[in-house]
Amino acid sequence: MTWLLALIALLLPWLTGATLLYAASALTLPRAEVHTPGDICWRLGLGAFLGYWLTTCLMRVYALLGIPFGFIVIALPLLLIAALAFFIAWRRAPLQNLKANCPVCPLPKLTRYFFFALLAWLVLRFGLLFFEMSTRPLFPWEASIQWASKAHVYFGLKTLAPFGDSAAWLGGHVYFDNAPNLPATLPLLQAWMCVTIGEWNDVLMNLPWWVMLLALTLAVYGFMRHQGLSAFASLITAWLVASLPLLNTHVALAGLPDLPLAGAYTLAALSLVRWARSFLFRQQWLDLDLFCALLFALIAATLWPAAYLWLALLLPALVCILLPKSTRYLALALPVVTVAGSLALTQAGASLSPALANLHFDADFDTWLSNFITGENWHLLWLAALATLIIDFRESLQNKIAPLSLIVWGGMLVSVAVIALPALFSWLFSSIQQAERLLLIAAPLLPVWIITIWHQRFRSE
């Protein structure tokens, strides 16, 4: 019974988010464009993050109204929303001719075998991850004392509760943990899982982290199909994202905000790139993809304070979309501003904060080697990105790819800056102890950008 309730808590918000996106597509797009290749996987991927976030929003509303958290009062509105959204979407754009949109049928026979072999590999990998995280209790120290502590209080009280520092706690008005100012979104999601199960379970409450990696993989596959890649090339890209070592680590040892933020930020960036493609051809401002980009930027902002730096990197891409002729200037401005800002901080950082008084560049070769190549992070992914940047710089500035390129370049510059200036990293992100965790946020976009660039190069040739 416990597992049945856990699966309901896991899948019901996902169903709600996916059907809402299905209904939004049916209401805003022509019927022929609702079920284009990859769109089902795209909506499923976005739907998980949207559904979980909406669940936490509903719990916030209940806390404001004084309604205790309960399975029925949370699940019933989600189920009604999902049913109504599916009814509206089905009436306007029913699922028809799915066989005609079969992604495997156009593939050559040998490629089809490789496609199913890679798909089986992914299924096996996700199965092993699910087994590991469903049989291992909450392990990461930070997750236990900063995030799960809030979830335990919310579950016990069946409502939100204030958290404060030790002085406020001694006054007897608030609860206290190691990071009282962190957002309540992820603890509310964990509390929802426990409320549904009916007991505090620090293993099953982290199952949404597994779904988030699966949803991110589906969304990447759907995005690549929307960009015109074949099913096999899209699956390769999704496999590269799903096999990133630290993403897998944050599933097996769930409870930290890194994976949810990486997924929400990646989906916001990819939604913006999808809107750039439609804006380029249609000059259409009001578009579902633009709405999704703004919505998932909002979702990312409610997960972790570290999101604001990464969300700022979406602004150059937005300028590039609206002013295509500014692309080359933006591409040159990003490294110039980064280098100039770093030099200025080394000279005048003390005026901003005493923590920046001894700001200096870290030229330790072992640090760079560990973070970008030999460490347990991305192995050779950064080298592949650097090679792509050098070889295909001109292709990366084409109108269809330039917004994604600017986002990725900004992420690469931020990653280099936080390794080069350890004091700046500690000042900006005092709650993050390891720089490689910050690199995790940018990592899922790298395989998407690399495959997109090389596909564009081979197609043009």
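Among contacts (heavy atoms within 4.5 Å) between residues at least 6 apart in sequence, 78% join residues at least 24 apart in the chain. The model is predicted: local features need pLDDT of at least 70 and side-chain atom pairs count only at pLDDT 80 or more, while totals for chains, interfaces and linings use all residues. Residues are numbered from 1 along each chain as its sequence is written, and side-chain values use heavy atoms, with hydrogens and water left out.

The secondary structure consists of 22 helices and zero strands, defined as DSSP runs numbered from the N terminus (helices, H or I, at least four residues; strands, E, at least two). The radius of gyration of the chain is 22 Å, close to the 23 Å that the globule rule gives for 461 residues, so the chain is as compact as a globular protein of that length. This radius is taken over C-alpha atoms, and the rule is 2.2 Å times the number of residues to the power 0.38. Along the principal axes, the C-alpha atoms fill a box of roughly 65 × 65 × 40 Å.

Of the 461 residues, 54% count as buried, that is, under 20% relative accessible area (1.4 Å probe, protein chains only). The accessible surface of the chain, from the Shrake-Rupley method with a 1.4 Å probe, comes to about 20500 Å², of which 70% belongs to carbon and sulfur atoms.

Asn-206 is located in the loop between α8 (185-197) and α9 (207-226). Asn-206 is buried, with a relative accessible area of 3%. A polar atom of the Asn-206 side chain lies 3.4 Å from the backbone oxygen of Asp-202.

Key. Buried means under 20% relative accessible area, exposed over 50%, partly exposed in between (1.4 Å probe, protein chains only). A polar contact is a pair of N or O atoms within 3.5 Å; within protein, one must be able to donate a hydrogen and the other to accept it, and residues adjacent in sequence count only if both atoms are side-chain atoms.
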